[in-house]
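This report is written for a reader who meets the structure below for the first time. It begins with single residues, moves on to helices and ends with the chain as a whole.

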Amino acid sequence: MRGPDAFPTVAGVAAAARLLTLRHPDLCRMRLAGESRSGQPLWLLSVGAPRGCDRHILVVAGANCDEPAGGGAVLWLAEQAVHDRRRLKEAGLTWDFLLCLDPDGALLNETGPAGPRPPAVHFRHTYRPASDEHPYAADSLLAPSGRLPEALALSALVADLRPVLRCSLHSNDVGGAWVRLSAELPGLAEPFGKSAAELEVPVQTGTYEALPAQGAGPGVFVRPGARELPGGPEVRVEVPMWATRRVAYAEPHPDPEYALAVLAARLRNEGATGEEAFEQALELLGGAARGPLLRAARQAVSAWEALAADFDEVGRQSPVPLTMAHVAACDIAARRAPLRAAGMLLRLLDEARLDEDPDSGPARLRARLERRLDAGAADLIAAMDATWVPIAEQMELQARTVLAAVAALG
């Protein structure tokens with residue numbers, strides 16, 4: 001494991017979990033839940049009685065590979081369960097922690113600094129996979145025969161454990177803390193809000209990702225048409241790396257249609273520039289352009305128009321009244337998209353190790369992308385007046401929210 005002010009690595013989380021099982025063999029055990037596409041192990045750590053328990057809580061870390069706080073949060077929860085073993089036994093619970101759903105992608109995100117980093121450095125090292133290579137999201141895009149092994153492993157776990165609650169741990173680059181549910185959990189909003197307030201993280205009252213969701217309290221959203229999933233309700237916990245109070249303002253926006261039209265126009269302008277840079281990079285890279293980074297960058301620079309069109313549609317006819325928080329969340333999404341694309345393009349150029357002559361084509365493209373990344377990241381943080389959330393507090397808020405969800409379940 002790394003220090004207390006650093007994101008844990010995939011290997012570090014697995015090593016710490018294995019140590020926990022050695023220290024408490026009566027309560028903890030690890031097993032292989034499957035393998036990733038590249039053969040990386042998908043480890044499951046279970047804490048609870050090995051027999052006679054039919055109430056399982058499944059917690060998934062690393063559902064999105066560029067959101068590393070979850071690994072530390074599951075260790076936080078596991079240690080808490082061991083410490084409170086009497087209550088664990090009385091409740092008849094077993095905690096099951098999938099330590100990382102996408103280790104392949106997580107390893108590609110471990111190239112940057114482990115601890116607090118400048119925003120430009122963060123986006124410089126971010127890898128966000130193409131949608132059909134994203135274990136948490138790809139099932140809706142792929143035919144059953146093409147399902148990813150990570151997604152199959154998760155489905156098999158749910159079928160085997162039949163958990164009474166499923167929790168997935170997520171982060172957002174810039175924003176606030178919020179929760180999305182597959183079915184309402186009465187009583188969750190109050191302890192969630194209290195934990196966020198104690199850790200000085202704003203609760204996000206409006207989010208672009210859960211726009212049509214029903215509110216179940218500040219920062220808690222229930223998916224429309226929510227239904228009971230196999231294995232019980234699902235809780236998605238979102239915690240920011242950089243926190244901004246602009247996503248907490250629940251007041252109606254005075255002119256959301258105009259504001260979103262401006263964001264769409266900016267996206268289209270950025271998109272044209274990004275596509276030009278991508279085509280230039282492809283020409284320079286030639287046969288060296290391949291692999292998941294290339295596929296991720298290609299999708300990132302081709303998604304602008306769809307996002308801009310969505311902003312236009314939401315501005316004209318939103319499923320909910322748009323607040324200042326909703327528009328701020330859309331503003332963040334619009335500013336973040338080109339930063340991710342520029343960062344992955346730069347990594348492609350780095351990996352190819354092209355001519356470093358300052359007058360060469362690769363060097364000029366790299367310099368242009370670096371300037372855009374530096375300026376755009378600084379602008380995002382300044383526009384949102386965002387501040388870094390200490391890593392330990394990101395992990396703690398995720399963990400405390402999961403505990404609150406278990407308590408609300410009863």
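Alanine 352 is partly exposed, because its relative accessibility is 22% and the partly exposed class lies between under 20% for buried and over 50% for exposed. The model in which this residue is seen is a predicted one. Alanine 352 belongs to helix 11.

Leaving aside residues up to four places away in sequence, alanine 337 touches Leu267 and Trp304.

**Residues in loops**

Proline 224 is placed in the loop that runs between strand 8 (220-222) and strand 9 (234-243). Its relative accessibility of 48% makes proline 224 partly exposed. When residues up to four places away in sequence are not counted, proline 224 touches Pro212 and Ala213. The C-alpha atom of glutamine 214, a residue 10 positions away along the chain, is 6.5 Å from that of proline 224.

Two further loop residues concern the backbone. Glutamate 200 has a phi near 60°, which is a positive value in a residue other than glycine. Its place is the loop between helix 7 (189-198) and strand 7 (214-215). Glutamate 200 counts as exposed, because its relative accessibility is 64%. Aspartate 385 is not a glycine either, and its phi is positive at about 50°. This aspartate 385 sits in the loop between helix 12 (361-384) and strand 10 (387-388). A relative accessible area of 58% makes aspartate 385 exposed.

| Residue | Relative accessibility | Class |
|---|---|---|
| Glutamate 200 | 64% | exposed |
| Aspartate 385 | 58% | exposed |
| Proline 224 | 48% | partly exposed |
| Alanine 352 | 22% | partly exposed |

Which residues of helix 7 are buried? They are Ala189, Phe192, Ser195 and Ala196. Around the axis these residues cover an arc of only 135°, and they therefore lie on the same side of helix 7. Glu190, Lys194 and Ala197 are exposed on the other side of the helix. Strand 6 (178-181), strand 8 and helix 13 (391-409) are the elements against which the buried residues of helix 7 pack. Just after helix 7 comes glutamate 200, with its positive phi of about 60°.

In helix 9, which spans residues 292-302, the residues Leu293, Leu294, Ala296, Ala297, Ala300 and Val301 are buried. Why can these residues be said to line one face of the helix? Viewed down the axis of helix 9, they fall within an arc of 165°, so the buried residues share one face. Their cover includes helix 8 (256-285), helix 10 (304-316) and helix 11 (324-352).

**The chain as a whole**

These elements belong to a chain with 13 helices and 10 strands. Its radius of gyration is 21 Å, close to the 22 Å given by the globule rule for 410 residues, so the chain is as compact as a globular protein of that length. The C-alpha trace spans about 65 × 50 × 40 Å along the principal axes.

Of the 410 residues in the chain, 54% are buried. Among contacts with a separation of 6 or more, 81% join residues 24 or more positions apart. The chain exposes about 17400 Å², and carbon and sulfur atoms supply 53% of that area. There are 42 positive and 52 negative side chains, and the centres of the two sets are 5 Å apart.

Notes
Residues numbered from 1 in each chain as written. Predicted model: local features only at pLDDT ≥ 70, side-chain atom pairs only at ≥ 80, totals over all residues. Heavy atoms only, no water. Helix = DSSP H or I, 4+ residues; strand = E, 2+ residues; numbered from the N terminus. Rg over C-alpha atoms; globule rule 2.2 N^0.38 Å. Buried < 20%, exposed > 50% of the residue type's maximum accessible area, 1.4 Å probe, protein only. Contact = heavy atoms within 4.5 Å. Areas by Shrake-Rupley, 256 points an atom, 1.4 Å probe, with all protein chains shown as cover. Lys, Arg positive; Asp, Glu negative; His and termini not counted. Charge placed at Lys NZ, Arg CZ, Asp CG, Glu CD. Arc of directions from axis to C-beta.
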